[in-house]
Amino acid sequence: MDDIVVNIQHATVRYNLAIKKQMGLKEYMHALLQHKLFYQEFLAIQDINLRIMRGESWGFVGKNGSGKSTLLKLVTGILRPYKGTVTVSGSVAPLLELGAGFDMELTGKENIYLNGLILGMPKAEIDARFDEIVDFAELEKFLDVPVKNYSSGMKSRLSFSIATCARADILIADEVLATGDKQFQIKCEQRMQKMLEGGTTLLYVSHSPGAITRLCQKAMWLDHGCCMMQGEANDVVEAYEKAK
Amino acid sequence: MSRRIRLGWDNFLKYIPLLKVLVERDLKKKYRTSVLGYIWCVLNPLLVMLIMTLVFTYMFRNQIENFPVYVFIGRMMYTLLSGGPGTVMRSLVSNGGLMRKTRVPYYVFPLSSFFCVFVDFLFNLAAFAIVLIFTQAKITIHVVAFPIVILEAMLMTFGLSLLLSIAHVFIRDVGYIWGVFCTAWMYLSAIFYPLSSLPEMVQRLISFYNPLYWLIDQTRTIFLLNAWPRYGNVLKGFGVGGLIFILALLAYQSSKDDLILYV
């Protein structure tokens with residue numbers, strides 16, 4: 001069956017640390033004259049190969065700064081590979097940071113529309129799913145409250161609820177359940193489980209080995225931007241835990 | 001090539017609802033916390049005009065006929081061309097969080113910010129209408145040429161806005177440079193003095209090379225002289241506006257993959 005939804009071949013992502021730093025005109029000219037501008041480069045991920053089939057669930061493990069989030073941004077299309085190729089077929093709902101698409105000044109209701117549209121949902125679809133989103137986030141009473149007054153748990157519930165109601169082909173979740181309480185985490189895992197049964201592809205980053213093995217069939221272990229191991233989730237997580 | 005343009009266009013249509021929400025957001029945030037809210041959009045230009053009229057009539061004793069309209073036109077165009085890009089310029093950097101964490105075409109941010117500037121301009125027009133009525137200015141058929149002048153102004157404002165927002169991502173100093181530049185620009189655009197009060201050499205330079213002055217001059221010709229704007233000025237306005245607009249599109253096209261690394 002030829003149902004590859006994500007195909008990453010020899011992908012390398014390069015950040016330019018010197019440029020990423022905020023620079024004024026004076027420093028810029030100075031650096032330019034001294035040829036220091038393109039000096040410090042940093043390979044966030046190096047030569048990664050990954051092939052994900054439709055309906056698979058992949059977990060990504062590794063220490064902080066090992067390149068997990070960069071890899072997810074590559075799949076989302078936010079970053080482009082410096083070398084190699086990335087092809088993704090199907091719609092992607094990224095959940096890279098809690099409240100990433102929120103405007104803190106706006107109310108919960110306004111943010112549902114803002115965030116949904118950012119995720120690429122048509123307005124009619126947001127209208128249709130509105131109640132479902134609110135129900136799942138358990139925020140009926142707080143819809144007209146500005147999001148800046150929400151607790152981080154409330155924000156995470158709303159974020160997760162919108163992203164999962166977007167019904168994208170590929171759901172990308174980066175360490176998003178860390179702030180919710182146990183009960184909500186279970187609810188979220190159940191929902192992801194259900195989406196997987198419905199044919200959604202899941203890419204999931206977590207520092208909790210339990211969550212990875214529960215949700216994911218496959219896993220990849222990253223270290224300093226390199227792939228240490230990929231394969232069955234249980235094996236990879238076990239090897240990673242041992243190495244720690 | 002044409003396929004790419006089609007795809008880009010389809011993508012653009014898909015993001016129109018998002019644009020709408022972003023514009024609403026910016027407008028709401030701007031006025032939600034003030035008591036008078038949107039009334040300020042009309043009140044503010046009127047009050048500034050009033051002060052300028054008082055200052056220049058009683059302190060500097062100018063001889064310009066219908067000075068309120070004269071100064072309002074100058075200020076309205078100046079606010080659009082200097083304040084517009086000044087506001088839009090920051091849209092990419094201030095939405096950096098969204099750019100890094102979600103996948104939306106980056107142009108939606110300058111574009112939505114530009115629409116807010118446009119809405120502000122519409123409020124300015126409403127205030128302008130009030131001034132025209134109060135000063136009993138003569139309105140003639142020549143008013144039909146005014147939308148053409150507005151179109152020129154919008155072309156220039158949008159082009160400048162997009163160019164500056166890209167430049168601002170790479171070099172933040174652009175914000176300060178623009179501020180200083182605009183101060184000079186204001187004094188070189190005959191907003192509150194007659195152009196004829198300047199040395200002839202300077203007069204010629206301004207009327208030849210200052211696009212802002214072309215816009216002001218065309219508008220004044222329509223509303224104060226009750227005549228058609230000069231053909232050459234209209235042509236020059238569209239020429240320069242179109243040029244800036246195309247330059248901005250090219251700059252966006254060639255830099256859009258790098259923006260994310262610098263915001």
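His224(A) sits in the loop that links strand S8 (218–223) to strand S9 (226–232) of chain A. Helices (H or I, at least four residues) and strands (E, at least two) are DSSP runs, numbered from the N terminus. This is a predicted model, in which local features need pLDDT of at least 70, side-chain atom pairs count only at pLDDT 80 or more, and totals for chains, interfaces and linings use all residues. Residues are numbered from 1 along each chain as its sequence is written, while chains are lettered from A and ligands numbered from 1 in the order in which they are written.

Back to the histidine: His224(A) counts as partly exposed because 14 other C-beta atoms lie within 10 Å. On this scale a residue is buried with 20 or more other C-beta atoms within 10 Å of its own, exposed with 12 or fewer, and partly exposed in between, the C-beta atoms being placed from the backbone. Lys63(A) is 161 residues away from His224(A) in sequence, yet their C-alpha atoms are 8.4 Å apart in space.

Strand S9 also takes part in a sheet. Six strands of chain A make up an open, mixed sheet, in the order S5-S6-S7-S3-S8-S9. Strands are paired here if DSSP finds at least two bridges between them. Strand S5 (92–95) and S9 of chain A are the edges, each pairing on one side only. From one strand to the next, the twist averages 15°. (Axes are lines fitted to C-alpha atoms, for helices over the stretch in contact, and angles run from 0 to 180 degrees between N-to-C directions.)

S6(A) has S5(A) as a parallel partner, over 4 bridges, with Ala93(A) bridging to Leu171(A). S6(A) is also joined to strand S7 (residues 201–205) of chain A, in parallel, by 5 bridges; here Ile170(A) has Thr201(A) as its bridge partner. Helix H6 (residues 152–165) of chain A packs on the sheet, touching S5 and S6 of chain A, and its direction makes about 170° with that of S5(A). Contact between two residues means that their C-beta atoms, placed from the backbone, lie within 7 Å.

How much of S6(A) is buried? The count is 5 of its 5 residues, so S6(A) is largely enclosed by the rest of the structure. In a regular strand the side chains alternate between the two faces of the sheet. For S6(A), both faces are covered, with Ile170(A), Ile172(A) and Asp174(A) buried on one side and Leu171(A) and Ala173(A) buried on the other.

Gly90(A) is placed in the loop between strand S4 (83–88) and S5 of chain A, and is exposed because it has 12 other C-beta atoms within 10 Å. Leaving aside residues up to four places away in sequence, Gly90(A) touches Val5(A), Asp169(A) and Ile170(A).

Chain A splits into domain 1 (1–90 + 169–244) and domain 2 (98–168), with bounds that come from an automatic or database domain assignment. Where the two meet, 11 residues of domain 1 are in contact with 10 residues of domain 2. On the domain 1 side, strand S6 (170–174) and helix H7 (182–197) each give two or more residues, and H7(A) gives the largest share, 4 residues. That side divides into 6 nonpolar, 2 polar and 3 charged residues, where Ala, Val, Leu, Ile, Met, Phe, Trp, Tyr, Cys and Pro count as nonpolar, Asp, Glu, Lys and Arg as charged, and the others, Gly among them, as polar.

Between the chains, the contact takes 19 residues from chain B and 25 residues from chain A. On the chain B side, helix H2 (16–31), helix H6 (96–101) and helix H12 (231–262) each supply at least two residues, with H2(B) giving the most, 5 residues. The chain B side divides into 9 nonpolar, 2 polar and 8 charged residues.

Most residues other than glycine have a negative phi, and most peptide bonds are trans. Gln136(B), though not a glycine, has a positive phi of about 55°; Gln136(B) is in the loop between helix H7 (108–134) and helix H8 (146–170) of chain B.
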